[in-house]
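Okay, thanks for coming, everyone. I'd like to walk you through some charged pairs and a pocket today, so let me put the model up.

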Amino acid sequence: MSPAAACLCVLCGLPAAGKTRLARELRGRAQTRGWRTLLVTYDELIPARDWQESEWKWHRKTVIMCVERFLHQTLSDQTHTLSDGVGFCQVFLQCPLHVCLQRNRCRPQPVPDEVLLQMCERMEPPNEIRNPWEQQSLTLDSTEDIADGHIQKLMDLLVSALENPLSPVQDESQQKEADRRLCASSVLHQVDQTCRRLVSQTLTSARGQASPDVMKALAKALIELKTVFLKELKKDVLGRVSVFPEEPVDVEKLLMDVSAMFQRRSHEIVSKHM
């Protein structure tokens, strides 16, 4: 396969891990090589007010669609198509949670601590064994300033990605599995919203009946319960759609069952604290 006409480089990591600063540094170096660049920053495109709302995912999907259209147009102008293959690489910025929390709180528009904690629970580093498309990946420690030598490694990674573009996915089964996982993610998102609402209702009911210290401990316990509960449910839902791919998930019944189960566990926690 000939070298790609374009490369998509994804910088991932927790909020305040240093993605934006690194992206600007890379952009400057790429331009010195004569490369045309486009920097897409979620923070600048997605309203901050949507951090805890379901609309955030809709905004993210819109951004991804726009990037895809941009790549189509760019390659079309150069007599290429996405079917010819596009260079892809990703950089995972590894930064301790407490450092990200501290940096985030100094931002003009910080991400809520709860959101950052949830992202830390879900964030996964690249896994080239499980995901073949992640072979061109690099993990950098961003606790301190990233060394010049590491940035040079990243530039070398971009060159390698351009010289070794991804082959178009032809296996329809992979797309079907991706669709099933997308369905499962949608179900889990609705479950997450349901659990959030139940936590809020439980805390509202307890307010006025307990001291501030008890309320603080209760809130922490309920949030921890929600995190563990969703982890357990994620394995169940993903397993269900993989083992029974043709059997649709009854979302309404699932939400009812989840609500009843979560309420039972939350009531047990309330009893221990009140």
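**Salt bridges and a pocket**

Let's start with K231 and E121, whose side chains meet in a salt bridge at 3.1 Å, N to O. By salt bridge I mean a side-chain nitrogen of Lys or Arg within 4 Å of a carboxyl oxygen of Asp or Glu. This one ties together distant parts of the chain: K231 sits in helix 8 (residues 212-243) and E121 in helix 5, 110 residues apart. Helices here are DSSP runs of H or I with at least four residues, strands are runs of E with at least two, and both are numbered from the N terminus. The cut-offs are under 20% for buried, over 50% for exposed, and partly exposed in between, using a 1.4 Å probe and protein chains only.

Quick word on what you're looking at: this is a predicted model, where local features need pLDDT of at least 70 and side-chain atom pairs count only at pLDDT 80 or more, while totals for chains, interfaces and linings use all residues. Residues are numbered from 1 along each chain as its sequence is written, and side-chain values use heavy atoms, with hydrogens and water left out.

Overall, the protein has nine helices and three strands, and along the sequence they run β-α-α-α-β-α-α-β-α-α-α-α. Of its 274 residues, 33% are buried.

Back to the charges. The salt-bridge count comes to eleven. The residue I'd like you to click on is R196, in helix 7. How far apart are the closest N and O atoms of R196 and E114? They're 3.8 Å apart, and the pair forms a salt bridge. Again, distant parts of the chain are linked, with R196 in helix 7 (residues 172-206) and E114 in helix 5 (residues 113-122), 82 residues apart. R196 is buried, with a relative accessible area of 18%, whereas E114 counts as partly exposed at 27%.

R196 has another salt bridge, to D192, at 2.9 Å from N to O. Those two are four residues apart in helix 7, so about one helical turn separates them. Both D192 and R196 are buried. Through shared partners, salt bridges join E114, R122, D192, R196 and K226 into one network.

There's also a polar contact of 2.6 Å between the side chains of R196 and Q118. That term means a pair of N or O atoms within 3.5 Å; within protein, one must be able to donate a hydrogen and the other to accept it, and residues adjacent in sequence count only if both atoms are side-chain atoms.

Now, the pocket. Which residues line the second largest pocket? They are L97, E114, L117, Q118, C120, E121, K220, I223, E224 and T227. For the record, a pocket is an open set of points on a 1 Å grid over the protein atoms alone, where a 1.4 Å probe fits, with protein on both sides within 12 Å along at least five of seven lines; lining residues have an atom within 4 Å of a point. Helix 5 gives the most to this lining, with five residues. At least three lining residues come from each of domain 1 (7-163) and domain 2 (172-273), with the bounds taken from an automatic or database domain assignment.

That's my tour, so over to you.
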